[in-house]
Amino acid sequence: LDMPVLTTVGGCLNIYENLGLTSVAAPSLTSVDIDLDIRDNLTLMSLDLPALTTVADDLWISGHAVLVSFAMPNLTIVGEDMYVFENAGLTSFDMSSLATVDADLDIYDNQSLASLAGLSSLTHVNRDLHIIDTYCASQSDAGAFAVGLTVGGIVGVHGNGVNYPCP
């Protein structure tokens with residue numbers, strides 16, 4: 001799914017349950033005014049949103065069996081909840097400009113994710129933070145990442161490092 005001229009979405013952008021979808025690219029997309037929901041695309045291998053700076057409400061990246069990495073390097077704020085979960089093949093992601101998640105941040109059940117380095121600029125999670133069952137990242141690395149943040153609610157970090165270190 002190539003959307004080369006899409007620059008803004010005035011509502012929700014939902015891309016889910018598309019059998020056979022292998023890539024999503026929106027190189028000019030800068031903002032989504034409500035939710036960005038990319039879910040349950042079992043054959044998705046590539047997700048590239050290089051110009052995206054703002055998701056005003058929720059951001060979902062979940063249920064992708066073969067997605068190895070994704071890039072949103074200019075995203076600076078998620079206005080509500082952010083979910084990255086059940087991406088079995090995910091080894092890394094780039095959200096290196098993201099500074100704030102205004103509500104919950106849930107990263108869980110990403111069996112191959114070895115690092116949270118893709119969130120290197122994150123400083124604030126204004127509600128709850130959960131890093132759970134990220135099997136290839138060590139429990140101590142996940143804990144150290146959480147300690148480096150200002151979190152307004154509950155911090156849950158457990159079940160990580162089951163397969164640490166992963167090949």
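Mentor: Let us begin with a single residue of this predicted model. D37 has a relative accessibility of 6%, and because the limit for buried is under 20%, D37 counts as buried.

Trainee: With which residue does D37 form a salt bridge?

Mentor: The partner is R39, and the closest N and O atoms of the pair are 2.5 Å apart. R39 counts as partly exposed, at 24% relative accessibility.

Trainee: How many salt bridges does the structure hold?

Mentor: There are three salt bridges in the structure. Another one links R127 to D81, with 3.1 Å between the closest N and O atoms. R127 belongs to the loop between β15 (124-125) and β16 (129-132), while D81 belongs to the loop between β10 (77-78) and β11 (82-85), so this pair ties together parts that are 46 residues apart in sequence.

Trainee: Which of these two residues is buried, and which is partly exposed?

Mentor: D81 is buried, its relative accessible area being 9%. R127 is partly exposed, with a value of 39%.

Trainee: What salt bridge does R127 form with D104?

Mentor: In that salt bridge, the closest N and O atoms of R127 and D104 are 3.3 Å apart. D104 sits in the loop between β13 (100-101) and β14 (105-108), and R127 in the loop between β15 and β16, so the contact ties together parts that are 23 residues apart in sequence. D104 is buried, at 14% relative accessible area. Through shared partners, the salt bridges join D81, D104 and R127 into one network.

Trainee: Let us turn to the sheet. In what ways can strands pair?

Mentor: Strands of a sheet pair through backbone hydrogen bonds, in either a parallel or an antiparallel manner. Here seven strands make up an open sheet with parallel pairing, in the order β2-β5-β8-β11-β14-β16-β18. At the edges are β2 (13-16) and β18 (155-158), each of which pairs on one side only. On average, neighbouring strands of this sheet are turned by 5 degrees against each other, direction ignored.

Trainee: Over how many bridges do β8 and β11 pair?

Mentor: Strand β8, residues 59-62, pairs with β11 over four bridges in the parallel sense. Within this part of the sheet, I61 stands opposite V84 of β11.

Trainee: Which strands does helix α1 touch?

Mentor: Helix α1, residues 139-147, packs on the sheet and touches β16 and β18. The direction of α1 makes about 165 degrees with that of β18.

Note on methods: Residues numbered from 1 in each chain as written. Predicted model: local features only at pLDDT ≥ 70, side-chain atom pairs only at ≥ 80, totals over all residues. Heavy atoms only, no water. Salt bridge = Lys/Arg side-chain N within 4 Å of Asp/Glu carboxyl O. Buried < 20%, exposed > 50% of the residue type's maximum accessible area, 1.4 Å probe, protein only. Helix = DSSP H or I, 4+ residues; strand = E, 2+ residues; numbered from the N terminus. Pairing = 2+ DSSP bridges. Axes fitted to C-alpha atoms, helices over the stretch in contact; angles between N-to-C directions. Contact = heavy atoms within 4.5 Å.
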